[in-house]
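This report examines a two-chain model. Please view the sequence and the coordinates together before reading on.

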Amino acid sequence: MLMEKKPIAEISASELISVSGVGKSTFYRYYHDVYEVFEILAKKFAGFCVDIMYDFVFNREKFDNISLPETIPVAFVEAVLNIPKEYSAVVRYLIKENDVRFFLKITEKFSDVVAEKADAYGMDKDIAVFFTKFFMNGFLFSSLGDYYADGVLNSGIIDILLSFDLRYVQGGNAL
Amino acid sequence: MSKSGSDERIKKRLQKAFCVLADERQLSADNIMKITVSLLCEGAVLSRTAFYDHFDSYEGFLADSLHGFAGLVAEQAIAWLDGGEENIEKNCKRSELLVKDYERNMLAVFKRCEYNFTAAEDEITAVRFNSFLSERFGTDFVSENRGKLTFFYKAYTIYVRETLCDYHSKKVRKEMSYVFAIWNRLFPECKF
């Protein structure tokens, strides 16, 4: 929660300790410093993102009955995807700091999942991984920054994501 | 001898020396900042004064290189698109690359060290793509499709940057056909 108010570099361990209500010795038993707390949150969030992407690609039905408003407020997405509140501060922070590494890692991780799944779905692995990386990078790098800056998501981006369908991946050139 | 010509040569020497050091010291995200100006100058057979004529620090040298690479990657990405789908074969030949071998090596080191483009480099890419696409398809097209175009060129330049680090022309030819397929699906009315 503190991260919503000030940059991480200005948050001290003692502040975090007093806000969270844990004892000083408990804090230091588990974490070195504030950055470590953040790293752990970010890692959890990365896992969470990969899960959402997984559903989006392999369990599409989950999203079939959601009707989208014309412009999509951040809160809407957070509610639909069940994004826990502490993550939204993490995302805002990552985007503000332009932490490219973080996004690239999410894409890498997810590509690995797709590579594993490709065989089972009778897809060409290279094509599936290429398309996945391309679409996920495009999405993460183009829309999220604007999204968290303006508070609304461009519906064109959703159209693109919705057109990212396994059938096209499968068809490759026939996209 | 023009001043800018000698600037380029000095930069090139430093970049080559950097790549050698990167291999020797197995540079990674943890130790990329531990190289010193003296080491770099020693490798490049250059005086520290000459270095400081061009850059204010080691970090300044890295940032300048990164900045240059953003432009190069964008040029390469645009050249492949502009060459058109039917010329992929010819345009993806190694000899046709706009990015030289030592530059590709340094890009690979940056990738390994997780030294990535920042907002400043993204801006370079955005400007180049916007002017290229405006010229090709008109300014109306660019302003009407801003969201979709940003999506495309961000994903595409990340692809080009990564692919240049470890270049296989045959693989790139195949993958560029996917890039054209994505483009054609996004903008069926504007073919390359």
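## Basis of the model

The model is predicted: local features require pLDDT of at least 70 and side-chain atom pairs count only at pLDDT 80 or more, while totals for chains, interfaces and linings use all residues. Residues are numbered from 1 along each chain as its sequence is written, chains are lettered from A and ligands numbered from 1 in the order in which they are written, and side-chain values use heavy atoms, with hydrogens and water left out.

## Fold of chain B

Chain B contains 10 helices and zero strands, where helices (H or I, at least four residues) and strands (E, at least two) are DSSP runs numbered from the N terminus. In sequence order the pattern reads α-α-α-α-α-α-α-α-α-α. The C-alpha trace of chain B spans about 55 × 35 × 35 Å along its principal axes.

Of the 192 residues in chain B, 51% are buried; buried means under 20% relative accessible area, exposed over 50%, and partly exposed in between (1.4 Å probe, protein chains only). Contact denotes heavy atoms within 4.5 Å. Among contacts in chain B between residues at least 6 apart in sequence, 75% join residues at least 24 apart.

## Contact between the chains

The contact draws 27 residues from chain A and 28 residues from chain B. Together the two chains bury about 2,300 Å², 69% of it on carbon and sulfur atoms; buried area is the accessible area (1.4 Å probe) that two parts lose on being put together, summed over both.

One salt bridge is counted between chain A and chain B, the criterion being a side-chain nitrogen of Lys or Arg within 4 Å of a carboxyl oxygen of Asp or Glu. A:Lys133 forms a salt bridge with B:Glu162, with the closest N and O atoms 3.7 Å apart. On the side of chain A that touches chain B, the elements giving two or more residues are helix H7 (100-120), helix H8 (125-150) and helix H9 (155-163) of chain A. H8(A) gives the most to this side, with 13 residues.

## Aromatic pairs

How many aromatic pairs does a search of the whole structure find over all chains? The search finds 31. Rings of Phe, Tyr and Trp (its six-membered ring) pair if their centres lie within 6.5 Å; planes under 30 degrees apart count as stacked, over 60 as edge-to-face and the rest as tilted. The rings of A:Phe134 and A:Phe135 have centres 6.3 Å apart and planes at 65°, so this pair is edge-to-face. Both A:Phe134 and A:Phe135 are buried.

In chain B, B:Phe18 and B:Phe61 also form an edge-to-face pair, at 6.2 Å centre to centre and 65° between the planes. Because B:Phe18 lies in helix H1 (residues 3-24) of chain B and B:Phe61 in helix H4 (residues 58-82) of chain B, the pair ties together parts that are 43 residues apart in sequence. B:Phe18 is buried at 0% relative accessibility, and B:Phe61 is buried with a relative accessible area of 0%.

## Surroundings of B:Tyr159

B:Tyr159 belongs to helix H9 (residues 146-165) of chain B and is buried, with a relative accessible area of 11%. Leaving aside neighbours within four places in sequence, B:Tyr159 is in contact with A:Phe130, B:Val172, B:Glu175, B:Met176 and B:Val179. The C-alpha atoms of B:Tyr159 and B:Met176 are separated by 9.9 Å, the two residues being 17 residues apart along the chain.
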